[in-house]
Amino acid sequence: PTRQKLLGAFRLLIRFWKVWLLALLAVGLGFLVIFYKPLLFVSQVDVVGVDRGLEQEVKQNVADYISTTHWFLPQANILLLSEINLRHYILEHNKAVWKVEKVEKKYPHRIVVTVAERTQAFIFRGQNNQLAYIANDGTVLEAAQAESGALSITWLGEHSVTPGNQFVTGQ
């Protein structure tokens, strides 16, 4: 019975050899597209909307992200790259970026990332005349040394001016 099963499987293999060969070629082509680096891997990153210093930081964030894998699949492959996860990664790892407006895949090797920078919008004067710069999105950026010509807001209640805290919430 075991020999007959083996012969039956061999006959089936011979009968459908073209189908098996096409399936094997498709799997091989899939592995080639996913893992062969020169084919569809990201080699150029363009950052739009910020100055040169922040542009380099965002490029480094993108390079760090595409060096990772999701399960065993490389994020450097432009077909497998998740724009949403890249957007979240940049926002999580770069506090100077206010928002990532767009991530575009330009096949075969280029990504264009459009970002908006967090900028100093006004100076906040808290308790004990503590000064801090507040960003355009309401985040406390850093302690301010002295008032400049920027709009100054004096807060009468208690509020923390620790850098990174959200001072104004978008409600």
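# What the terms mean around helix α5

Tutor: The cover over the buried residues of α5 includes α4, β4 (97-106) and β5 (110-117). The model is predicted, and local features need pLDDT of at least 70, side-chain atom pairs pLDDT 80 or more, while totals for chains, interfaces and linings use all residues. Residues are numbered from 1 along each chain as its sequence is written, and side-chain values use heavy atoms, with hydrogens and water left out.

Student: What makes a stretch count as a helix or a strand?

Tutor: Both are DSSP runs, numbered from the N terminus: a helix is H or I over at least four residues, a strand is E over at least two. The protein has five helices and nine strands by that rule.

Student: Which residues of helix α5 are buried?

Tutor: In α5 (residues 83-93) they are Leu86, Tyr89 and Ile90. Viewed down the helix axis, they fall within an arc of 95°, so they line one face of α5. The arc is taken over the directions from the helix axis to the C-beta atoms. Ile84 and Glu92 are exposed on the other side of α5.

Student: Why is asparagine 61 called buried?

Tutor: Buried means under 20% relative accessible area, exposed over 50%, and partly exposed in between, with a 1.4 Å probe and protein chains only. Asparagine 61 has 9% relative accessibility, so it counts as buried. Its place is in helix α4 (residues 52-66).

Student: What does asparagine 61 touch?

Tutor: Leaving out residues up to four places away in sequence, asparagine 61 touches Tyr89, Ile90, His93 and Asn94. Contact here means heavy atoms within 4.5 Å.

Student: What makes the pair of asparagine 61 and asparagine 94 a polar contact?

Tutor: A polar contact is a pair of N or O atoms within 3.5 Å; within protein, one must be able to donate a hydrogen and the other to accept it, and residues adjacent in sequence count only if both atoms are side-chain atoms. The side chains of asparagine 61 and asparagine 94 are joined by such a contact of 3.0 Å.

Student: How do you know that lysine 59 and glutamate 55 form a salt bridge?

Tutor: The term requires a side-chain nitrogen of Lys or Arg within 4 Å of a carboxyl oxygen of Asp or Glu. For lysine 59 and glutamate 55 the closest N and O atoms are 3.4 Å apart. The two residues are four residues apart in helix α4, so about one helical turn separates them.

Student: Why is lysine 59 called partly exposed?

Tutor: Its relative accessibility is 25%, so lysine 59 counts as partly exposed. Glutamate 55, at 13%, counts as buried.

Student: What makes the pair of aspartate 137 and arginine 118 a salt bridge?

Tutor: Their closest N and O atoms are 2.8 Å apart. Aspartate 137 lies in the loop between β7 (131-135) and β8 (140-143), and arginine 118 in the loop between β5 and β6 (120-125), so the pair ties together parts 19 residues apart in sequence. Aspartate 137 and arginine 118 are both buried. Elsewhere, salt bridges that share partners join Arg52, Glu55 and Lys59 into one network.

Student: How many salt bridges are found in the whole structure?

Tutor: The search finds five.

Student: Why is phenylalanine 16 called partly exposed?

Tutor: At 39% relative accessibility, phenylalanine 16 counts as partly exposed. Phenylalanine 16 sits in the loop between α1 and α2.
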